[in-house]
Amino acid sequence: MSLSPGLSYKASDDMIEGFEDLGGGNRKPIFSDHVIVFMIRGIHRKWKQPILCNLVQSTMKTHDLVVCIRQTIRSLLKVGLKVIATVCDQGTTNVSALNFLKKETSEFFTRKNKKNTSLGFLVDGAEIISLFDPPHLMKGVRNNLLTKQLMFTEDKKRKIAKWDHVIQFYKLDGIEGDDDRRMYPKLTDEHVIPGDIPGRGNSSTTCTEDNNKPSTSLQCPLENNPQQNQVVTTLPDLLDPAAEDTADLLLFMDRLFDSVNGSSAVPLRGKNLRCAVTQKSEHKEFWETAIKMLSSMSYKCPETSLDDTEEALDSLTSFLLDDVPADSQVSAPAYSYTTAPRKEVIAPQ
């Protein structure tokens with residue numbers, strides 16, 4: 001989180017605050033402009049608590065973050081909490097630190113001449129699952145789709161999704177110019193037009209073609225249409241028939257986000273996956289299918305960037321590490337560390 005640089009005097013500690021401070025007396029005469037916050041929250045019970053913040057300039061170095069993660073987890077284990085997982089975004093330092101901890105764990109098993117069966121990393125013998133924040137994963141896939149074609153396999157059929165199809169449908173829906181007649185009035189240019197999307201700059205260049213071929217129907221799992229299989233029939237000669245592939249991708253991503261965003265025990269109408277994970281819920285079956293579909297995804301464009309499907313795949317695989325106990329209800333992933341009392345039987349949140 002960004003901060004405005006500044007200094008203040010803390011009389012109780014006779015110390016000037018505002019410089020880079022990594023804790024444990026590790027302070028540097030550098031103005032801090034960001035803060036790294038660590039928070040813990042429960043799985044079975046609804047509670048959360050910030051426990052640590054470090055002042056840094058720009059970002060924390062990978063080595064320092066590794067030390068901080070390890071020391072924080074050790075402190076939590078020492079007071080009787082059982083750390084199940086870490087959750088963070090895909091910042092370069094975060095990814096590097098987690099990869100270092102995983103590599104360290106792999107080397108530990110190699111020295112023991114044992115097979116590494118861990119999907120995460122070890123801290124004092126405790127296995128910690130590393131998860132990436134679902135909204136950031138979805139945003140990463142969206143950002144790549146803005147400038148690339150996304151190829152994927154569903155039901156043994158190879159498909160291609162293009163952001164141009166979303167733009168075509170959006171313009172078609174707004175052709176009347178009256179929100180009362182639009183099917184999705186909540187959609188705006190900031191949701192659809194690449195140059196208007198916050199944080200995307202003014203470039204709207206894509207690697208797809210602009211086609212205006214005879215139309216077919218488009219399945220749109222958008223916010224004000226809870227019926228996931230409802231078919232929206234468009235006017236002819238306006239929407240590319242290939243948009244059906246894009247519609248299938250949107251439906252899949254909508255269900256994928258629902259599956260990791262549930263906060264209630266009972267699913268919403270038309271949203272069977274938007275609920276807590278239980279032994280009888282559809283989550284495990286859907287995640288097993290989703291892993292196969294994510295594994296088949298690739299982007300087609302001369303200019304390539306970070307492929308976020310790999311991180312999504314790692315996170316879903318981690319969710320399936322253990323079976324969910326029959327009497328458990330586990331909500332979607334939290335931000336930071338997820339913990340539970342030592343003697344509770346739990347599944348990753």
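Tutor: Let us start with a contact, which means heavy atoms within 4.5 Å. In this chain, take the contacts between residues at least 6 apart in sequence: 64% of them join residues at least 24 apart.

Student: What kind of model am I looking at?

Tutor: This is a predicted model, in which local features need pLDDT of at least 70 and side-chain atom pairs count only at pLDDT 80 or more, while totals for chains, interfaces and linings use all residues. Residues are numbered from 1 along each chain as its sequence is written, and side-chain values use heavy atoms, with hydrogens and water left out.

Student: How many helices and strands are there in the chain?

Tutor: Both are DSSP runs numbered from the N terminus: a helix is H or I over at least four residues, a strand is E over at least two. The chain here has 8 helices and 15 strands. One of the strands is β2, which covers residues 15-17 and contains Ile16.

Student: Next, burial. What share of the residues in the chain is buried?

Tutor: Buried means under 20% relative accessible area, exposed over 50%, and partly exposed in between (1.4 Å probe, protein chains only). Of the 349 residues in this chain, 42% are buried.

Student: Is Lys148 buried or exposed?

Tutor: Lys148 counts as buried, because its relative accessibility is 5%. To find Lys148 in the model, look in the loop between α3 (134-147) and β10 (149-154).

Student: Now the rings. How many aromatic pairs are found in the whole structure?

Tutor: Rings of Phe, Tyr and Trp (its six-membered ring) pair if their centres lie within 6.5 Å; planes under 30 degrees apart are stacked, over 60 edge-to-face, and the rest tilted. A search of the whole structure finds 4 such pairs. Among them are Phe169 and Tyr184: the ring centres are 6.0 Å apart and the planes meet at 55 degrees, so this pair is tilted.

Student: Why does the pair of Phe252 and Phe286 count as tilted?

Tutor: Their planes are at 40 degrees and their ring centres 6.1 Å apart, so the pair is tilted. Here again distant parts of the chain are linked: Phe252 is in helix α6 (residues 243-259) and Phe286 in helix α7 (residues 283-295), 34 residues apart. Both Phe252 and Phe286 are buried.

Student: Let us turn to charges. How many salt bridges does the structure hold?

Tutor: A salt bridge puts a side-chain nitrogen of Lys or Arg within 4 Å of a carboxyl oxygen of Asp or Glu. The structure holds 10 of them. One of these joins Glu154 to Lys159, with the closest N and O atoms 3.0 Å apart. Lys159 is buried, because its relative accessibility is 7%.

Student: Which parts of the chain does the salt bridge of Asp254 and Lys271 link?

Tutor: The side chains of Asp254 and Lys271 meet at 2.8 Å, N to O. Asp254 is in helix α6 and Lys271 in the loop between α6 and α7, so to find this link you look at distant parts of the chain, 17 residues apart. Both Asp254 and Lys271 are buried.
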